[in-house]
Amino acid sequence: MTVLEAARSVGVVIPTLCDHEKLAPYGACRVCTVEADANERTSLVAACQYPAEDGMVIRTRTEQVDKIRKLLLEQMLAHAPDSEQLNELAQVYGADRDRFAKESSFCILCGLCVRYCAEIKQKHAVGFFDRGSKREIAFVPEVAMRECWDCKECFPLCPTSALQAAYMLTEALMEQPEDDEPGSGHACAGHKCHCG
Amino acid sequence: MTMINTPGELETFRQEILSQRDAKKPCITLCSGSACHATGSNKVSTAIEREIEAQGVVADVSFRRTGCHGFCEQGPIVVIYPQGICYLKVQPEDIAEIISETIKENRVVERLIYVDPNSGEKTTLEEDIPFYKNQERLILGSNLKIDPKNLDDYLAVGGYQALAKALFKMSPEQVVDEVKEAKLRGRGGAGFPSGVKWDFARKAPGDKKYVVVNCDEGDPGAYMDRSVMEGNPFAVLEGLMIGAYAIGADEGYVYVRQEYPLAVQNLEIAIRKAEEYGFLGENILGSGFNFTVKVHRGAGAFICGEETSLLNSLEGKPGEPNARPPFPATRGLWGKPTNINNVETWANIPLVINKGAKAFSSIGTDGSKGTKIFSLVGKVNNTGLVEVPMGATLRDIIFKIGGGVPGGKQFKAVQTGGPSGGCLPESLLDTKVDFDELSKAGAMMGSGGMIVMDEDTCLVDIARYFLDFLSDESCGKCTPCREGIRQMLKILSNMTKGLGREGDIDLLLELAETTRGSSMCALGKTAPNPVLSTLNHFRDEYEAHINQHRCPSLSCKELIAFHIDPEKCKACGACFKKCPAEAIEGGKKQIHVIKQDLCTKCGACLVACPTAFGAVCKLSGEPVPAPLPEEARSIG
């Protein structure tokens, strides 16, 4: 049992963004960071992944924990300023949605769509590309074309509605006429495309 | 070659090899690591083979291509045994003279020996060169003695004795205890006690277990592991076998980064030879212990040096970390208990077993035992690999071994521990290299990168450089690492462009705290270190960038301007000719003027201006004086 599961079982709320009951814990958003007394020391751990043990002391709201959550939310709000879920949490932790310059990718890379498609549907139609600050999600056109029309189960999972935008983009690109001008249309249908 | 089936046969075979070797016979060794490869050691090698034949000394001399000697600044290096005469920066055209003089006449070729850049003193023997004299090369030492493609060379210097000892004279528990007692700590970065780690994996339930070598060395400028793997892959393999025996593994993997082709080549030869001789495979040396090794080439990601990412990559998944716990010792490769150690750690194991824990732990400090290899680079005279006992001071490494800062410049800082390490100032040069001492000082041991910086290095820009590296190399999985590095990098880049704002330092500290506190793996947890350590020791440089838009080191391009002092310019035209941007106005007997709008700040004019005049200067944080009116520019 994880710390998050243990907390939920007794009605203690720990905020999460990348957690989903059907999916394996992923530990990406880190807003579930809590303070844990384990192995004779106090450390910050991700509640969604850290195993709960008998006698372990967990503090879910401390000055440091709140400060971390606030900053993480502010960083994510730079990408998805209108996300309802983020704004609700921002209110709780006093996060300023305009603190960092906007880089509206709409996506906070929680990976819910990617993991749902891989773990539950086992289709791998959407995945992560590149790494570090260049990381992004994208549909694999060949798979998406075949699998996504009748599924779309990942849509409601998205905490920022970015997925829909990405999906629409792929769809739009796939439908570009063959004789489009070079530089737009099929030539840029890869995951790197920013023409939308 | 027949299989060696017992420890007795191993010893007999070793004696046989030794009896065929005459210690008095001259032997020419040539370092052939990647660094010397780049400086032309292949051509030197061809020349040596040709000259040995041409001068008719085939029977009188042997020739051996070895791994890296460490003194890469001076490569290719030729050492002639038994005397140990050391020739530096050897070129193919030097070989005829080396053979005719040194090999035939026993005379030293003076022009090729070491000359101290500070005192001008000459040194003939390798062991007397200050760079080597002040080292203790327990690991790198064998690089000089063996041909990494020849297992017999390794056996001749006592190779595989430790394996035989472990298999026949020690129980797995005793091996673990010996490593524990030796207090060997992991050389890959975190410095976790290796014996304790082994014990976890040994005690973890499961029939199938794995051992892994981490050779995904990714720190910029660091190449300790490459040199060990290229120069003595046998020791790494022997260590791995002993570890496998201790924890109960029958399969091992060596994860080598793609960019190390020579390391892979030598390693694969070492594995094949070990299989032929019976050190790998079934019933090794008749002990009943079975073990096989496979090589896996990484695709070039810094994050794969992190153990859980490495294991994911090894399984064919993206190189991204998992949460720990569970630790690989309980759930590692393919969910099985796995022990993963760095190249240098594994290479220390035969030493621990051969010499015993007591002898091993007699070297070093209370908390850090044995030696450590550092990759000494940057603004230092003797760049290369240095191996020192734990507890040596940074000052000794940089000044005694490294020969200090070149060009009469002032030392400013030393960065240890790779991109996630820290920069230490002059006042902390007496810090001992020791896992705990370095951490206390705000840096870290890391895997042994050591970058020396002089007065011309801007520490804000250095922090920016490392954050830029980490922003590319973070896997991007968790928010604090990906976004924290992104925001810190933005702030630092702005500072170096003169766009720093009040409050930036506090924001950096806040971002650093969150990134350090909540990231998933060690990359994120340590990513703020370059910022924190430079802020801690060089805060005034940050303040100058923010408040005065001034770079005190005159290094940040967007904060400096080049200017020709009209009082000093002699209209020699040197800068005018060198300027690639045609940004200098001037003519015969006309004082030269830099057109600031055209200047690309490449610095060619500063280099071109004769030292006697010294008319070109760099300015920062102050306005560039207005150019003289054209009519006032004529001189004498």
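Trainee: Is the crossing of H19(B) and H20(B) left-handed or right-handed?

Mentor: In this predicted model, the crossing of H19(B) and H20(B) is left-handed. The contact is made on the H19(B) side by residues including B:Val460, B:Ala463, B:Leu467 and B:Leu470, and on the H20(B) side by residues including B:Ile485, B:Met488, B:Leu489 and B:Leu492. Sorted by class, the contact of these two helices has nine nonpolar residues, with three polar and three charged ones beside them.

Trainee: At what angle do helix H19 and helix H20 of chain B pack, and how far apart are their axes?

Mentor: In general, a pair of packed helices is described by the angle between the axes together with the distance that separates them. Here helix H19 (residues 459-473) and helix H20 (residues 479-496) of chain B pack at about 145°, and their axes are 9 Å apart.

Trainee: Turning to the chains, how many residues does the contact take from chain A and from chain B, and what area is buried between them?

Mentor: Chain A gives 30 residues to the contact and chain B gives 30 residues, while the area buried between the two chains is about 2700 Å², with 48% of that coming from carbon and sulfur atoms. Within chain A, the residues that lose the most area to chain B are A:Gln75, A:Arg131 and A:Ser133, which together make up 22% of what that side buries.

Trainee: How many salt bridges and how many residue pairs in polar contact are counted between chain A and chain B?

Mentor: The general idea is that side chains of opposite charge can pair when their charged atoms come close. Between chain A and chain B the count is seven salt bridges, and A:Glu103 and B:Arg486 meet in a salt bridge through their side chains at 3.4 Å, N to O. There are also 19 residue pairs in polar contact between the chains, counting pairs with both residues at pLDDT 80 or more. Helix H2 (residues 63-77) of chain A gives the most to the side of chain A that touches chain B, with eight residues, and by class that side has 14 nonpolar, eight polar and eight charged residues.

Trainee: Which helix holds both B:Glu11 and B:Arg14, and how many residues apart are they?

Mentor: Both lie in helix H1 (residues 7-19) of chain B, three residues apart, which is about one turn of the helix. The side chains of B:Glu11 and B:Arg14 meet in a salt bridge at 3.2 Å, N to O, and over all chains the structure holds 52 salt bridges.

Trainee: Finally, where is B:Pro325 placed, and what kind of peptide bond joins B:Arg324 to B:Pro325?

Mentor: As a general rule, most peptide bonds are trans, and most residues other than glycine have a negative phi. B:Pro325 is in the loop between helix H14 (307-314) and strand E10 (338-342) of chain B, and a cis peptide bond with omega of about -5° joins B:Arg324 to B:Pro325. A cis peptide bond also joins B:Pro325 and B:Pro326, with omega of about 0°.

Notes. Residues are numbered from 1 along each chain as its sequence is written. Chains are lettered from A and ligands numbered from 1 in the order in which they are written. This is a predicted model: local features need pLDDT of at least 70, side-chain atom pairs count only at pLDDT 80 or more; totals for chains, interfaces and linings use all residues. Side-chain values use heavy atoms; hydrogens and water are left out. Axes are lines fitted to C-alpha atoms, for helices over the stretch in contact, and angles run from 0 to 180 degrees between N-to-C directions. Helices (H or I, at least four residues) and strands (E, at least two) are DSSP runs, numbered from the N terminus. A crossing is left-handed if the near helix is turned anticlockwise from the far one by less than a right angle, and right-handed if clockwise. Contact means heavy atoms within 4.5 Å. Ala, Val, Leu, Ile, Met, Phe, Trp, Tyr, Cys and Pro count as nonpolar, Asp, Glu, Lys and Arg as charged, and the others, Gly among them, as polar. Buried area is the accessible area (1.4 Å probe) that two parts lose on being put together, summed over both. A salt bridge is a side-chain nitrogen of Lys or Arg within 4 Å of a carboxyl oxygen of Asp or Glu. A polar contact is a pair of N or O atoms within 3.5 Å; within protein, one must be able to donate a hydrogen and the other to accept it, and residues adjacent in sequence count only if both atoms are side-chain atoms.
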